[in-house]
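Here is a short tour of one protein chain, from its overall fold down to a couple of local details. Have the viewer open as you read.

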Amino acid sequence: MNSYLKENPSVVPEIAAGAEGETLPGSIMPSDYRFILDGYGITYSAKSPYLHAGEESNLSGWLLYISVVRQQMKPLLESILLLLDAHGISFVIPENSAVHAMILDGALGQGEIGKIITIRVADGSKMVEVAAQLIQITN
């Protein structure tokens, strides 16, 4: 294990296996974010390269974008998923850490840079309430 992973135990890369199950040095597979959603019982649809949770009919209204580095994605999701689910709020996340990196690097277009979590709320007053709760949870 390298020193970075020792100092940051919340980062758990998936190691690729070789032909006979041996670990290939330096091979790290992207973390699949659907496992996090599954762990919280969040229903979603996979529309590559994104995972869509909640009502997709709620395409109008307010959008809130959250930017987060890959190393903090799991802890962030774990802190906000119950809130979003309890309020029935729709959201979109990248399907895995490789797509996450592509978004941050601009590979999916300059207009998408930093838009890692997209939260959709139809009602403006509900968005204010949810935004305030998100600030409180993540602060």
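## Ground rules and fold

Helices (H or I, at least four residues) and strands (E, at least two) are taken as DSSP runs and numbered from the N terminus. With that in hand, the chain has 5 helices and 7 strands, and their order along the sequence is α-β-β-α-β-β-β-α-β-α-β-α.

Please keep in mind that this is a predicted model, where local features need pLDDT of at least 70, side-chain atom pairs count only at pLDDT 80 or more, and totals for chains, interfaces and linings use all residues. Residues are numbered from 1 along each chain as its sequence is written, and side-chain values use heavy atoms, leaving out hydrogens and water.

## Burial, surface and contacts

Buried means under 20% relative accessible area, with a 1.4 Å probe and protein chains only. By that cut-off, 32% of the 139 residues are buried. The chain exposes about 8,200 Å², and 55% of this comes from carbon and sulfur atoms; the areas come from the Shrake-Rupley method with a 1.4 Å probe, and for residues only the protein chains shown count as cover.

A contact means heavy atoms within 4.5 Å. Among contacts between residues at least 6 apart in sequence, 68% join residues at least 24 apart.

Start with S97, which lies in helix α4 (residues 97–105). S97 counts as buried because its relative accessibility is 10%. Its side chain reaches the backbone nitrogen of S31 at 2.8 Å.

Next, find P49 in the loop between β3 (44–47) and β4 (50–53). The peptide bond joining S48 and P49 is cis, with omega about 15°. For context, most peptide bonds are trans.

Conventions: Buried < 20%, exposed > 50% of the residue type's maximum accessible area, 1.4 Å probe, protein only. Polar contact = N/O pair within 3.5 Å; in protein donor to acceptor, adjacent residues only side chain to side chain.
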